[in-house]
Amino acid sequence: MARSQSRSKSSYLVPLGIFLALAALLFYGLGLDPKKVPSPLVGKPAPSFELESLLEPGKTISSDILKGKMSLVNVWASWCPSCRQEHGELIRIARESDVQMIGFNWKDERRAALEMLRRYGNPYVLSVFDPENQVGIDWGVYGAPETFVVDAEGIIRHKRIGPIDQRVWEEEILPVIEQYRSKG
Amino acid sequence: MTPAPMIRALVAAALLACGSAGAFTLEEFQFQSPAQEQEFRELIGKLRCLVCQNESLAASQADLAQDLRKEVYQMMQDGKSHDEIIEFLVARYGDFVLYQPPVKPSTYILWFGPFVLIGVGGFLLLRAIQRRRREPEPDLSAAEHDRIERLLTQPGTRPGDTQDRAS
C-alpha cells in the first residue's frame with residue numbers, strides 16, 4: 001500500500017513537470033524573433049554579381065571585390081529607419097576595424113541614397129546599387145538592414161538580420177570574423 | 001539598445017514594408033493560357049512572403065513579394081518547371097519560404113512529433129485503464145474493518161451534527 005501511495009504522489013508531479021517544461025519552452029520561444037530566418041547561404045560562396053556603383057554611375061562593380069579580404073556586405077536603403085539607426089556604428093566599425101565594408105544599396109533611389117551618405121557619412125569602401133532587386137534575390141535579401149560576413153575566400157560566414165549596434169558587433173559579428181580570419 | 005525602441009523600429013519597418021507601395025495586382029502578368037495562370041497562382045499561393053510572414057506571395061502587398069512574383073513569373077516564362085522554381089527560391093531564402101516544410105531530418109520532430117505524442121499518450125492511457133481494471137479491491141485487515149464500523153456508527157462524527165459544529 002505504501003508503494004502505491006508513493007507512486008500516485010509522484011505521478012502527480014509528472015504533469016506538473018511536463019507543464020513546467022512546456023512553459024519554459026514557450027517562454028524561450030517568446031524571446032525569439034520570427035523575423036530572423038536562417039539563411040541557407042551561410043557556408044556557401046557568395047552569389048556573384050555585377051552591379052553599378054552607387055557613387056559612380058556607369059561604373060560596374062563585380063563580386064570579385066570580395067576575394068582576398070574579409071568583408072562585411074551591408075544591405076541598406078535610405079527608406080529604412082533601422083539602417084539610419086545602425087549607420088553610426090557602421091562608421092565606427094569602418095574606422096576601427098580592418099574589414100572591408102561594402103555597401104549594398106537595395107531597392108532605393110540613387111539621389112536619396114547619396115543624400116543619406118552625404119548627411120550621415122559614408123562607411124563603405126565601395127557601394128553597389130541594386131534598385132530593381134536583381135542581385136538582392138540571389139543573396140536572399142528580404143529586408144534592410146541585413147549584413148553578410150564574407151571571408152577572404154568569398155564564402156558567406158554569417159548573416160545578421162536587423163541593425164548592428166556595438167553589442168551585436170562585439171558579441172555576434174566580431175567572433176565570426178576572428179574565427180575565419182585565421183583561415184583566410 | 002533597449003528592446004522597446006527596437007521593437008518599435010521593427011514594427012515601423014514592417015508597416016512600411018507591407019504598406020508602402022500602392023496595391024499590387026496580378027493584372028500585370030500576362031499568361032498564354034488559363035492553365036498557366038492557374039499554375040502561377042498555385043505556385044505563389046504555396047510560397048511565403050518573408051516580409052509579412054503570415055501572407056503568401058499571392059496575398060502579400062509587400063514590395064518584396066511583388067519582386068518575387070515577377071521572378072516566379074519570369075522563370076515560368078523561361079519554361080522552368082514547378083520544382084525548379086521552388087528550388088531556386090529555397091536555395092536563396094531557405095525552407096521558410098515554403099508554407100509546407102519539406103520532410104527531412106531537421107523537420108522530423110515537426111512532422112512526426114504529434115503522432116509520437118498521440119501514440120505515447122494513448123499507450124499510457126490504455127495502460128492506466130488496464131491496471132485499474134486488473135487491480136483488486138484493496139484488502140482490509142480486521143482492525144481496519146472495525147475502525148470503519150466504528151466511524152460509520154459513532155454519533156457526532158457525521159457532518160452536520162450539532163456536536164461537530166460546536167467543537
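## Chain B: burial and fold

Of the 167 residues that make up chain B, 15% count as buried. The model is a predicted one. Burial here requires 20 or more other C-beta atoms within 10 Å of a residue's own.

Chain B contains 7 helices and 0 strands. Read from the N terminus, its elements follow the order α-α-α-α-α-α-α. As for contacts within chain B, among those between residues at least 6 apart in sequence, 44% join residues at least 24 apart.

## Contact between chains A and B

Chain B gives 18 residues to the contact, and chain A gives 18 residues. On the side of chain B that touches chain A, the elements giving two or more residues are helix H1 (3-19), helix H3 (63-77) and helix H4 (82-93) of chain B. H1(B) supplies the largest share of that side, with 5 residues.

By residue class, the side of chain B that touches chain A splits into 12 nonpolar, 2 polar and 4 charged residues. Two residues are taken to be in contact if their C-beta atoms lie within 7 Å.

## Domains of chain A

Two domains are assigned in chain A: domain 1 covers 1-32, and domain 2 covers 50-181. Between the C-alpha centres of domain 1 of chain A and domain 2 of chain A the distance is 48 Å.

Terms used. Residues are numbered from 1 along each chain as its sequence is written. Chains are lettered from A and ligands numbered from 1 in the order in which they are written. This is a predicted model: local features need pLDDT of at least 70, side-chain atom pairs count only at pLDDT 80 or more; totals for chains, interfaces and linings use all residues. Helices (H or I, at least four residues) and strands (E, at least two) are DSSP runs, numbered from the N terminus. A residue is buried if 20 or more other C-beta atoms lie within 10 Å of its own, exposed if 12 or fewer, and partly exposed in between; C-beta atoms are placed from the backbone. Ala, Val, Leu, Ile, Met, Phe, Trp, Tyr, Cys and Pro count as nonpolar, Asp, Glu, Lys and Arg as charged, and the others, Gly among them, as polar. Domain bounds come from an automatic or database domain assignment.
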